[in-house]
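Hello,

Here is the structure I promised to pass on, with some notes on its salt bridges to follow. Please have it open while you read.

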Amino acid sequence: MRVFSGIQPTGAKHFGNYSGGFRQYAATQERGEAFFCVVDLHSITVDYDPAALREQTLDLAAMLFATGLDPGRSTVFVQSHVTAHAEAAWLLSAVASYGQLGRMTQFKDKGDGREFVSAGLFTYPVLMAGDILLYQADAVPIGDDQRQHLELARDIAERFNARFGETFREPTGIYPNVGARIMDLQEPTRKMSTTGGTPQGTLLLLDPPDVLRKKIRSAVTDSGSEVRRGDDKPGVTTLIDIMSVATGETPGAIEERYASGGYGPFKADVAEAVVELLAPVQARYAEVRSDAGELERLLAVGARKAR
Ligand code: TYM
């Protein structure tokens with residue numbers, strides 16, 4: 001089985017990225033031949049600083065290794081180091097539907113209210129389709145917010161195959177059972193995100209333990225004091241999901257344990273679970289990130305394999 005996924009280097013990585021991204025990457029690398037790409041070409045579709053982007057590319061590579069990718073097993077590389085990605089985006093744009101691109105919710109969200117909206121932001125999902133199709137990926141581990149983009153990639157493959165003969169494999173998305181869409185702790189009707197969420201409601205993977213605790217303690221909870229999931233309880237549902245992702249327990253087991261205990265002790269335990277999960281990740285990150293030369297070497301090896 002071929003596995004492919006990509007993640008953007010810009011913006012601090014958060015618990016949503018861990019849930020839909022990093023932890024799934026580490027798990028799927030065991031299941032086949034896996035490629036993980038730092039998608040810097042995607043990040044240039046909105047305003048960015050070139051020097052900062054280079055540093056963030058190394059930051060993200062370090063986080064990929066710190067969360068469990070094994071360079072001996074997985075091919076980890078930078079998108080701009082493999083020119084086929086940009087080429088594929090142009091070639092595939094000829095079989096991508098303009099109408100369908102206009103319906104992408106991420107384009108509408110990210111473009112809304114901006115003074116300058118680049119054409120690249122609009123054609124971004126075609127580049128993503130190219131990323132996936134070039135590697136003949138069967139499986140694409142992602143969070144729920146990438147579902148529509150993956151559908152578009154499948155449509156592009158199908159249209160290309162129908163027009164020119166069987167060429168591309170049609171990829172399937174792999175979504176976590178719990179935590180496919182982690183919500184903001186302050187505004188639990190919005191997804192956790194460094195661009196669309198609130199800073200206090202976003203758990204960063206590199207937040208110090210006390211910051212994590214404070215953010216979780218001040219998370220919005222809903223009326224009533226029952227610890228259970230439900231559409232009427234988006235805040236508590238988010239905390240249960242986060243605890244489930246952090247500990248590997250099912251949401252049901254968590255609900256049972258805290259059913260009548262009230263929010264206070266529950267939140268304190270969620271915080272400790274997250275701190276316990278992230279402490280070793282942060283330690284590994286610091287170690288890996290301190291050797292930029294080694295990171296660059298690993299990425300060069302990855303790019304060679306990917307090419
Ligand atoms: P990106 O960089 O925004 O996010 C990386 C991964 O994190 C997941 N994610 C979440 N999962 C659960 N809850 C959340 N709140 C949350 N926020 C983010 C995303 O679903 C993603 O899996 N377009 C992609 C990058 C990309 C890509 C690809 C992915 C480019 N080419 C090819 C797969 C295959 C993106 O911007 O992800």
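Below is what came out of the search for salt bridges.

First, a word on the source: this is a predicted model, in which local features need pLDDT of at least 70 and side-chain atom pairs count only at pLDDT 80 or more, while totals for chains, interfaces and linings use all residues. Residues are numbered from 1 along each chain as its sequence is written, and side-chain values use heavy atoms, with hydrogens and water left out.

A salt bridge here is a side-chain nitrogen of Lys or Arg within 4 Å of a carboxyl oxygen of Asp or Glu, and by that rule there are 18. One of them joins Glu-30 to Arg-73, with the closest N and O atoms 3.6 Å apart. Glu-30 sits in the loop between helix H1 and strand E2, and Arg-73 in the loop between helix H3 and strand E3, so the pair ties together parts 43 residues apart in sequence. (Helices, H or I of at least four residues, and strands, E of at least two, are DSSP runs numbered from the N terminus.)

Glu-55 and Arg-289 also pair up, at 2.9 Å between the closest N and O atoms. This links helix H3 with helix H12, 234 residues apart. Arg-289 is buried at 17% relative accessibility, whereas Glu-55 is partly exposed at 44%. (Buried means under 20% relative accessible area, exposed over 50%, partly exposed in between, with a 1.4 Å probe and protein chains only.) Glu-55, Asp-59 and Arg-289 form a salt-bridge network.

Best wishes
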